[in-house]
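Please examine the sequence and the model below.

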Amino acid sequence: MNSFLKTNFEFNNRVLKSERSDYHTLIQEIPSLKIDELDKLDSQFDLLIFKIDSLILIEETDIDKTISESNYIFRKAKKIVKNMADYSLEEFKKPKTDSNDLILNHLKNRLVIAMTNAFQYANGFTLSEPTYVRGVDSIITSKTENGIKLTLTSKYGQSVIDNRDILIKSIKFNGQEKKIYYKIKHNYSFADIEFDSLQNGIYKINGILKYYARSGELESWFEKEFKLE
């Protein structure tokens, strides 16, 4: 069992490193998506894994404190993923066994899975599928009698008629954030954003698509650019 757990940890740790790398790339491109609590938790996780490896080597008998520190990470990670059932791991309960190696290796695996789930959520992944697939595919601009209309298209979004919200976090005009009044209306393609008027130039919209499912609240980030001439 220990051999299996060690191999499984190495596999899960490679997945975690990939998710962590994607997250750091994401927040460089979109700094507003940074989750400070996740960065702190990641540092604590690294220190705890180092500690667990040391305990395994010296065959430490008192591991209750380490289990308590691990449960702190499970609780914090659960908050980051907003208690989604598919992404949350419950606190670790010490099994009835005399093998501390077995307990600690099992604990390492659960910790790496909890952190992977947290980074997946931060990257906009849900249910083992990248949610950017469910995000905004394109923006179509058109002029109306009342101003300008942007139609957001989404292959996934148009199939989710109810239990969805669109939040606009920021609108940039020629590289500068600007306060612009708008109205959001759902349509078959996905949604329309109506503006009374817009100047010609390059716009970038940053927002979040929220879907409400049985497993909890799913989020997908999007950032799209369009040009008015």
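Leaving aside its neighbours within four places in sequence, leucine 38 is in contact with Tyr23, Ile80, Met115, Ala118, Phe119 and Ala122, contact meaning heavy atoms within 4.5 Å. The model is a predicted one, in which local features need pLDDT of at least 70 and side-chain atom pairs count only at pLDDT 80 or more, while totals for chains, interfaces and linings use all residues. Residues are numbered from 1 along each chain as its sequence is written, and side-chain values use heavy atoms, with hydrogens and water left out.

Leu38 belongs to the largest nonpolar core, a set of 30 residues in which Leu38, Phe45, Leu111 and Met115 have the most contacts. A nonpolar core is a set of buried Ala, Val, Leu, Ile, Met, Phe, Trp, Tyr and Cys residues joined through side-chain atoms within 4.5 Å. Buried means under 20% relative accessible area, exposed over 50%, and partly exposed in between, with a 1.4 Å probe and protein chains only. At least two residues of this core come from each of α1 (2–29), α2 (36–58), α3 (64–80) and α4 (100–122). The largest share, ten residues, is supplied by α4. A second, separate core has 20 residues, including Ile148, Leu150, Ile166 and Phe195.

Helices (H or I, at least four residues) and strands (E, at least two) are DSSP runs, numbered from the N terminus. The protein chain has four helices and ten strands, and their order from the N terminus on is α-α-α-α-β-β-β-β-β-β-β-β-β-β. Of its 229 residues, 45% count as buried. Among contacts between residues at least 6 apart in sequence, 65% join residues at least 24 apart.

After α2 comes glutamate 59, which has a positive phi, near 55°.

Asparagine 12 is found in helix α1 and counts as buried because its relative accessibility is 13%. Leaving aside neighbours within four places in sequence, asparagine 12 is in contact with Asn109, Val112, Ile113 and Thr116. Asparagine 174 is placed in the loop between β5 (164–173) and β6 (176–177). Its relative accessibility is 47%, so asparagine 174 counts as partly exposed. Although asparagine 174 is not a glycine, its phi is positive, about 55°.

The second largest pocket is lined by Thr144, Asn146, Gly147, Ile148, Lys149, Tyr181, Lys183, Glu194, Phe195 and Asp196. On a 1 Å grid over the protein atoms alone, a pocket is an open set of points where a 1.4 Å probe fits, with protein on both sides within 12 Å along at least five of seven lines; lining residues have an atom within 4 Å of a point. The elements that give two or more residues to this lining are β4 (147–153) and β8 (190–195), and β4 gives the most, with three residues.
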